[in-house]
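Take a moment with the sequence and the model below.

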Amino acid sequence: MLQRISRPTAPRTTAAVLFAALALACAPRATVQSAASPVADAAPAAHDMSSMAGGHAGHTMTGLDAPVTIPPGALFVEADVRFMQGMIAHHAQAIYMSRLAEAHRANPRLQRFAIKIDQSQTTEIHQMQGWLRANGQFVPDTSSYHTVMMPGMLTPEQIAQLDGANGPDFDRAFLVLMIQHHEGALMMVKDLFATPRAGQDVDVSVFANDVVAVQTAEIGLMRQMISSIPQGRP
């Protein structure tokens, strides 16, 4: 029998261990491996973000407003379903951002970090889609990030800023904007656990706490990486 998980926050020790693992994974190597991900539509070649809703004000669910039906006895509530649906869009935009790194001549360390985000968040998207499907809920695909604005997600103007940068300028823009993006994900988890009866389903709870642990560690690494970029850049 699955044990309910109350609302823990990510232990600092877990974040510290993850930070060390991430730093090792992004350490200099002789070559950079290209990303391989099954999420084909997360990074459209045309970079068309024109249909995305603007602003960061709320949890607009344009295009993801399908009714939520909670079966009798379920441990999850509507907030859990909306969280999983919204996080798919959130992850898809992070994957889109990450796939710009190689073409925009990011430094090798940042390229490896971007590949890590691509691969790990692709896996998590499959997990979220599987959970939604298993529980009879609407399952967004990765194109949903075009029509949804969740906390931390980039506006079309910020995407254009990132897409217009190269080399060290891209590195800095990517890190600043990905930190913003990750902090938005942490906010989504905080909002989830602040909602009455949300986060009691074991899969949702474990997933949400993993988001906190991993993305907190990645924020720490990205702040370290920013400090290594040559000064004098915008």
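What follows moves from the overall fold to single side chains.

This is a predicted model, in which local features need pLDDT of at least 70, side-chain atom pairs count only at pLDDT 80 or more, and totals for chains, interfaces and linings use all residues. Residues are numbered from 1 along each chain as its sequence is written, and side-chain values use heavy atoms, with hydrogens and water left out.

Start with the fold. The protein has six helices and zero strands. Read along the sequence, the pattern is α-α-α-α-α-α. Helices here are DSSP runs of H or I with at least four residues, strands are runs of E with at least two, and both are numbered from the N terminus. Of the 234 residues, 47% are buried. Buried means under 20% relative accessible area, exposed means over 50%, and partly exposed lies in between, using a 1.4 Å probe and protein chains only. A contact means heavy atoms within 4.5 Å.

Now look inside. Rolling a probe the size of a water molecule over the atoms shows where empty space is left. A cavity is a set of points, on a 1 Å grid over the protein atoms alone, where a 1.4 Å probe fits but cannot get out; its lining residues have an atom within 4 Å of a point. Grid points are joined across faces, edges and corners, and the volume is the space filled by probe spheres set on the points. How many cavities of 30 Å³ or more are there? The count comes to one. The largest cavity has a volume of about 40 Å³.

Its lining consists of K116, S120, Q121, E124, D210, V211, V214, Q215 and E218. Helices α3 and α6 (202-227) each supply at least two of the lining residues. The largest share, five residues, comes from α6. By type, the lining divides into two nonpolar, three polar and four charged residues. In this scheme Ala, Val, Leu, Ile, Met, Phe, Trp, Tyr, Cys and Pro count as nonpolar, Asp, Glu, Lys and Arg as charged, and the others, Gly among them, as polar.

E124 lies in helix α3, residues 108-134. E124 is buried yet has no salt bridge. The nearest side chain of opposite charge is K116, 6.8 Å away. Lys and Arg count as positive here, Asp and Glu as negative; His and the chain ends are not counted. Beyond its neighbours within four places in sequence, E124 is in contact with H91 and F207.

Which residue does K116 meet in a salt bridge? Its partner is E218, at 2.3 Å from N to O. This pair links distant parts of the chain, with K116 in α3 and E218 in α6, 102 residues apart. K116 counts as partly exposed, because its relative accessibility is 22%. E218 has a relative accessible area of 1%, so E218 is buried.

The structure holds four salt bridges. Each is a side-chain nitrogen of Lys or Arg within 4 Å of a carboxyl oxygen of Asp or Glu. Another one joins R223 and E183, whose closest N and O atoms are 2.9 Å apart. E183 is partly exposed, at 35%. A further bridge pairs E78 with R82 at 3.3 Å. Both lie in α2 (residues 78-98), four residues apart, about one turn of the helix. E78 is partly exposed at 42%, whereas R82 is buried at 18%.

Helix α2 also carries H90. H90 is buried, because its relative accessible area is 1%.

Finish in the loops. R105 is found between α2 and α3. Its phi is positive, about 55°, although R105 is not a glycine. R105 counts as exposed, at 57% relative accessibility. R197 lies in the loop between α5 and α6. Phi of R197 is near 70°, again a positive value in a residue other than glycine. R197 is exposed too, at 53%.

Note on methods
1 Å grid on protein atoms, 1.4 Å probe; cavity = no way out; pocket = protein on both sides within 12 Å on 5 of 7 lines; lining within 4 Å.
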